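Me: I'd like to go through the calls made on this model and hear what each one rests on. Start wherever you like.

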Amino acid sequence: MLQQRISMERLASVDIQAISKEDLIDVSGTTFDNNIPRKQRAAQVLQMTGNPYCFRVGELCVKLEFLDSAPPLQDTFSSFLQRKKSGV
C-alpha cells in the first residue's frame, strides 16, 4: 500500500508544463462505467490515462489537483461548465 501511495504522489506531483502535449493521453470520447465499484473505476481511469492527474482533452492539457477540504470534483466541474456556457 505504501508503494502505491508513493506512486500516486509521484503522479500527482508531475509538472504539466514540463510535459509535451503529445505525451499526454487524450481522453476525448472516453467513457467510464459508473456502475462498477469506485475502486475498480479508479483502476480503470489509471489504466486508461496512465496518469489520472495529467491528461489531454483534445488540444487542452489538464492537470488535476485536489484538497481534502475542497467540494466534490463533479460539483466544481459542473459549475465550471455552467459558467463557461453562460459566457462568464
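Me: Which residues lie nearest the centre of the largest pocket, and how many residues line it?

Reply: Val45, Pro52, Leu64, Phe66 and Leu73 lie nearest the centre, and the lining has 38 residues. Mind that this is a predicted model, where local features need pLDDT of at least 70 and side-chain atom pairs count only at pLDDT 80 or more, while totals for chains, interfaces and linings use all residues. Residues are numbered from 1 along each chain as its sequence is written, and side-chain values use heavy atoms, with hydrogens and water left out.

Me: What makes a space a pocket rather than a cavity?

Reply: On a 1 Å grid over the protein atoms alone, a cavity is a set of points where a 1.4 Å probe fits but cannot get out, whereas a pocket is an open set with protein on both sides within 12 Å along at least five of seven lines; a lining residue has an atom within 4 Å of a point. The largest pocket holds about 2000 Å³ of space, a volume being the space filled by probe spheres set on grid points that are joined across faces, edges and corners.

Me: Which elements give two or more residues to that lining?

Reply: They are helix H1 (2-12), helix H2 (38-49), strand S1 (54-57), strand S2 (60-63) and H3. H2 gives the largest share, eight residues. Helices (H or I, at least four residues) and strands (E, at least two) are DSSP runs, numbered from the N terminus. By that count the protein has three helices and two strands, in the order α-α-β-β-α.

Me: How does the lining of the largest pocket divide by residue type?

Reply: It has 23 nonpolar, nine polar and six charged residues. Ala, Val, Leu, Ile, Met, Phe, Trp, Tyr, Cys and Pro count as nonpolar, Asp, Glu, Lys and Arg as charged, and the others, Gly among them, as polar.

Me: How do you know that the span of H2 agrees with what a helix should give?

Reply: The expected span is 1.5 Å times one less than the number of residues. For the twelve residues of H2 that comes to 16 Å, and the end C-alpha atoms are 16 Å apart, so the two agree. H3, with 14 residues, reaches 20 Å, close to the 20 Å expected. A glycine with positive phi follows each of these helices: glycine 50 after H2, near 80 degrees, and glycine 87 after H3, near 90 degrees.

Me: What makes S1 and S2 a pair?

Reply: Two strands pair if DSSP finds at least two bridges between them. S1 and S2 have four, in the antiparallel sense, so they meet that rule. Phenylalanine 55 stands opposite valine 62 in S2, and arginine 56 stands opposite cysteine 61. Two residues sit between the strands of this hairpin, where glycine 58 takes a positive phi near 65 degrees.

Me: The whole structure has one aromatic pair. Why is the pair of phenylalanine 77 and phenylalanine 80 called stacked?

Reply: Their ring centres are 6.1 Å apart and their planes lie at 25 degrees, so the pair is stacked. The rule is that rings of Phe, Tyr and Trp (its six-membered ring) pair if their centres lie within 6.5 Å, with planes under 30 degrees apart counting as stacked, over 60 as edge-to-face and the rest as tilted. Both lie in helix H3 (residues 73-86), three residues apart, about one turn of the helix.

Me: Why does alanine 18 count as exposed, while serine 28 is partly exposed?

Reply: Buried means under 20% relative accessible area, exposed over 50%, and partly exposed in between (1.4 Å probe, protein chains only). Alanine 18 has 63%, so it counts as exposed; serine 28 has 41%, so it is partly exposed. Phenylalanine 77, at 47%, is partly exposed, and phenylalanine 80 is partly exposed at 38%. Alanine 18 lies in the loop between H1 and H2, and serine 28 is found in that loop too. Serine 28 and arginine 56 are 28 residues apart along the chain, with 7.7 Å between their C-alpha atoms.
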